[in-house]
Amino acid sequence: KPGYETQQAEWEAQYAKAHERWEAHQKQMQAAQAADLEAAETTSYSSAPEGASETESSGTLASDEALAELRRKLTGGDEAVADDAVAEDAPAEESAE
């Protein structure tokens, strides 16, 4: 329309600047998403070394063998197991008398 050329030029300039900001924002968001994805892939919260296979730590906290070994170490080894066996047998012998 005649007489609105200056307003139209201002609006088009504002629109062009807003569109440039929007495009820059889109690029920034894509870069942030890519960085988040990369960080998620490289972050490991397990105590396993990076070279460990996934099957070793497939969601279990520890294997039964590892727990038994830890229990043996913490209780003092085989002597504690033998003492427990004797202690369990002792009441049975007393009640048999």
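Let me start with R72, which is partly exposed, with a relative accessible area of 31%. Partly exposed here lies between buried, under 20% relative accessible area, and exposed, over 50%, using a 1.4 Å probe and protein chains only.

Before going on, some ground rules, everyone. This is a predicted model, where local features need pLDDT of at least 70, side-chain atom pairs count only at pLDDT 80 or more, and totals for chains, interfaces and linings use all residues. Residues are numbered from 1 along each chain as its sequence is written, and side-chain values use heavy atoms, with hydrogens and water left out.

Now, the overall picture. The chain has three helices and zero strands, in the order α-α-α. Helices are DSSP runs of H or I with at least four residues, strands are E runs of at least two, and both are numbered from the N terminus. The mean pLDDT is 75, and 59% of the residues reach 70 or more; pLDDT is the predictor's confidence in each residue, from 0 to 100. Helix 1 has the highest mean among the elements, 93, while helix 3 (residues 78–96) has the lowest, 54. Of the 97 residues, 2% count as buried.

Back to R72, then. What does its side chain meet in a salt bridge? The partner is E69, at 2.5 Å, N to O. A salt bridge means a side-chain nitrogen of Lys or Arg within 4 Å of a carboxyl oxygen of Asp or Glu, and the count by this rule is one. Why are E69 and R72 separated by about one helical turn? Because they sit three residues apart in helix 2 (residues 64–74). E69 is partly exposed as well, at 32%.

L67, L70 and L74 make a nonpolar patch of about 300 Å². Such patches take residues with over 30% relative accessible area and no salt bridge, joining nonpolar side chains (Val, Leu, Ile, Met, Phe, Trp, Tyr) within 5 Å and like charges within 9 Å. L67 lies in helix 2, and its relative accessible area is 39%.

Last stop: the structure holds one aromatic pair. The ring centres of W11 and Y15 are 5.5 Å apart and their planes are at 20°, so the pair is stacked. Rings of Phe, Tyr and Trp (its six-membered ring) pair with centres within 6.5 Å; planes under 30 degrees apart are stacked, over 60 edge-to-face, and the rest tilted. W11 and Y15 lie in helix 1 (residues 5–42), four residues apart, and both are exposed.

How values were computed
Accessible areas come from the Shrake-Rupley method with a 1.4 Å probe; for residues, only the protein chains shown count as cover.
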